[in-house]
Amino acid sequence: MRLGVLDVGSNTVHLLVVDAHPGACPVPAHSFKVELRLAELLDADGAIGPEGVDRLIAVIQEALQAAEDKGVEDVLPFATSAVREAGNADAVLARVRAETGVELQVLTGEEEARLTFLAARRWFGWSAGKLLVLDIGGGSLEIAYGIDEEPDAAVSLPLGAGRLTAGWLPGDPPGPDAIRALRRHARAQIARTVGEFTRFGTPDHVVATSKTFKQLARLAGAARSADGPYVQRELKRESLEAWVPRLAGMTAAQRAELPGVSEGRAAQLLAGAIVAEGAMDLFGVETLEVCPWALREGVILRRLDHMRAD
């Protein structure tokens with residue numbers, strides 16, 4: 001069957017269309033996405049303003065039309081941290097339901113981490129052993145660890161690249177004091193969780209998902225996305241440590257000219273790099289591998305599992 005997963009994220013509203021059936025690998029058929037950056041549209045009270053809600057509804061309607069055009073039989077709609085943590089989340093969800101007919105499932109941070117872990121486990125398989133999975137989104141950082149398809153530990157921290165850029169890095173480029181303050185904040189948040197994971201032992205394989213990690217790996221010399229999903233892409237901590245001060249000295253426009261960096265994500269790449277560097281350092285990770293599957297694929301895989309069980 002042809003499934004669509006509609007991901008209302010902190011950065012992007014993304015419809016991924018796949019051809020799939022239980023027991024088979026989902027095959028991407030179409031992608032529709034709009035960079036809405038909801039994490040940056042929150043007002044002083046933490047609510048999504050009327051203009052942001054209007055834009056969200058318009059984009060969801062476009063995505064639904066794209067799904068219909070591509071013959072999608074069923075759409076799996078969900079929302080992550082920007083909607084989850086908005087002060088007016090209930091009102092936003094009600095408007096979306098009333099004006100589009102879409103019932104957005106709001107995932108908890110732990111659910112995000114668990115579904116992303118499932119996707120990484122299926123991609124790398126059992127031979128990867130104990131997995132540590134890191135995912136930096138627009139609103140949050142997810143960390144999960146385990147040897148099975150369900151992780152032994154999974155947490156979500158408010159350390160998304162969009163959120164931190166809006167709240168901690170004024171200026172273009174931001175000043176050294178702001179960068180240092182963000183670095184302290186991010187590392188303190190991550191350090192609180194390290195003990196939850198290290199008690200399970202050293203991971204056999206460390207994996208990262210998300211656009212942030214893909215862009216950082218590309219800067220460090222990894223293959224282009226055009227080379228396909230099956231090319232191994234790694235990010236070494238020493239390479240990342242060399243790039244952080246370089247990114248700090250650049251404007252968003254200058255970062256957008258770097259290989260693999262999109263204009264829409266350039267402003268928040270520094271914040272993402274600071275979080276990535278902190279996570280790799282505090283977890284003692286020298287090298288990680290970028291996984292092409294992430295949360296959207298995890299949602300699809302879970303749905304297929306349920307279909308097979310039924």
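Contact here means heavy atoms within 4.5 Å. The structure is a predicted model, in which local features need pLDDT of at least 70 and side-chain atom pairs count only at pLDDT 80 or more, while totals for chains, interfaces and linings use all residues. Residues are numbered from 1 along each chain as its sequence is written, and side-chain values use heavy atoms, with hydrogens and water left out.

Leaving aside neighbours within four places in sequence, Ile143 is in contact with Ala113, Leu132, Val133, Leu134, Ala153, Ala154, Val155, Leu157, Thr193, Phe197 and Phe283. A nonpolar core is a set of buried Ala, Val, Leu, Ile, Met, Phe, Trp, Tyr and Cys residues joined through side-chain atoms within 4.5 Å; buried means under 20% relative accessible area, exposed over 50%, and partly exposed in between (1.4 Å probe, protein chains only). The largest such core has 50 residues, and Ile143, Ile190, Leu247 and Leu288 have the most contacts inside it. Helix H10 (residues 269-282) gives the most to this core, with nine residues. A second, separate core of 27 residues includes Val8, Phe32, Leu36 and Val96. In soluble globular proteins, nonpolar side chains tend to be buried together.

Leu240 is found in helix H8 (residues 237-248); helices are DSSP runs of H or I with at least four residues, and strands are runs of E with at least two, numbered from the N terminus. Leu240 counts as buried because its relative accessibility is 2%. Apart from neighbours within four places in sequence, Leu240 is in contact with Leu216, Leu235, Ala273, Ala276, Glu277 and Met280. The C-alpha atoms of Leu240 and Ser127 are separated by 27 Å, and the two residues lie 113 residues apart along the chain.
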